[in-house]
Amino acid sequence: MGRFEELPHTADLKLRFYGKDLKDLFQTAALGLFSSLTELPKIEGKETLSLSVSAPNKEELLYQWLRHLYLKFAVDEYLLKECIIEEISRTHIKAHASGERYAPARHCILHEIKGITYCDLKVEQEKDGSWQAEAVFDV
């Protein structure tokens, strides 16, 4: 799996994701989002979800992917521990994830994320073939 880092931002949470390929990048983005919400080691892989997202281009796909995952938490109180992308193109993702429902006694919320923004959103392929992306989360 790739890695991610927090970048300076005046008011919100900005993350940069790195991946060896597009699949790795989007898996890393999913785990980056949930690592920003809570401590991943405290999440158990009790439930499995199927995920599917489509968009007209890779930037919109990242936005829709992160939004879809965030809504799993905001609406269903689902915390993702692991994400496996089965298929990916520049316009579609098919994946499955494992995790569990939010339990306040066990899961500390690290950032109160309100949503995903289009601000500074980018997805780029590097000269060496690896990928990099940035996203800003409204906190």
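## Glutamate 77 and other loop residues

Glutamate 77 counts as partly exposed, because its relative accessibility is 43%, where partly exposed covers the range between buried, under 20% relative accessible area, and exposed, over 50% (1.4 Å probe, protein chains only). Glutamate 77 sits in the loop between α2 and β4, and its phi is near 55°, a positive value in a residue other than glycine. Helices (H or I, at least four residues) and strands (E, at least two) are DSSP runs, numbered from the N terminus. The model is a predicted one, in which local features need pLDDT of at least 70 and side-chain atom pairs count only at pLDDT 80 or more, while totals for chains, interfaces and linings use all residues. Residues are numbered from 1 along each chain as its sequence is written, and side-chain values use heavy atoms, with hydrogens and water left out.

Aspartate 120 also has a positive phi, near 60°, in a residue other than glycine. Aspartate 120 belongs to the loop between β6 and β7, and with a relative accessible area of 40% this aspartate is partly exposed.

## The two helices

Helix α1 (residues 22-37) packs with helix α2 (residues 58-74) at an angle of about 40°, and their axes lie 10 Å apart; axes are lines fitted to C-alpha atoms, for helices over the stretch in contact, and angles run from 0 to 180 degrees between N-to-C directions. The helices α1 and α2 are therefore oblique to each other, given that angles under 35 degrees count as roughly parallel, over 145 as roughly antiparallel, 65 to 115 as roughly perpendicular and the rest as oblique. The crossing of α1 past α2 is right-handed, a term for a near helix turned clockwise from the far one, whereas a left-handed crossing has the near helix turned anticlockwise by less than a right angle.

On the side of α1, the contact is made by Phe26, Ala29, Ala30, Leu33, Phe34 and Leu37, and on the side of α2 by Lys58, Leu61, Leu62, Trp65, Leu66, Leu69, Tyr70 and Phe73, with contact meaning heavy atoms within 4.5 Å. These residues of the contact of α1 with α2 divide into 13 nonpolar, no polar and one charged; here Ala, Val, Leu, Ile, Met, Phe, Trp, Tyr, Cys and Pro count as nonpolar, Asp, Glu, Lys and Arg as charged, and the others, Gly among them, as polar.

## Glutamine 64 in α2

Glutamine 64 has its place in helix α2 and is partly exposed, with a relative accessible area of 22%. Leaving aside neighbours within four places in sequence, glutamine 64 is in contact with Val53, Ser54, Ala55 and Tyr118. Proline 41, by comparison, is 23 residues from glutamine 64 in sequence and 26 Å from it in space, C-alpha to C-alpha.

Three strands form an open sheet in the order β3-β5-β4, with antiparallel pairing, and two strands pair if DSSP finds at least two bridges between them. The edge strands are β3 (47-54) and β4 (78-88), each of which pairs on one side only, and the twist averages 25° from one strand to the next.

Eight bridges join β3 to strand β5 (residues 92-101) in the antiparallel sense; serine 54 stands opposite histidine 92 in β5, and threonine 48 stands opposite serine 98 in β5. Between β4 and β5 the antiparallel pairing has nine bridges, including that of glutamate 87 with its partner lysine 94 in β5, and these two strands form a hairpin with three residues between them. Helix α1 lies across β4 and β5, running at about 170° to β4, while helix α2 lies across β3, β4 and β5, running at about 150° to β3.

## Strand β8 and its partners

Strand β8 (residues 131-138) is mostly covered, with seven of its eight residues buried. Strand β2 (residues 13-19) runs antiparallel to β8 and is joined to it by seven bridges, and phenylalanine 17 has alanine 133 as its bridge partner in β8.

Strand β7 (residues 122-125) is joined to β8 by four bridges in an antiparallel arrangement, and the bridge partner of glutamine 125 in β8 is tryptophan 131. In the hairpin of β7 and β8, which has five residues between the strands, glycine 129 takes a positive phi near 95°.
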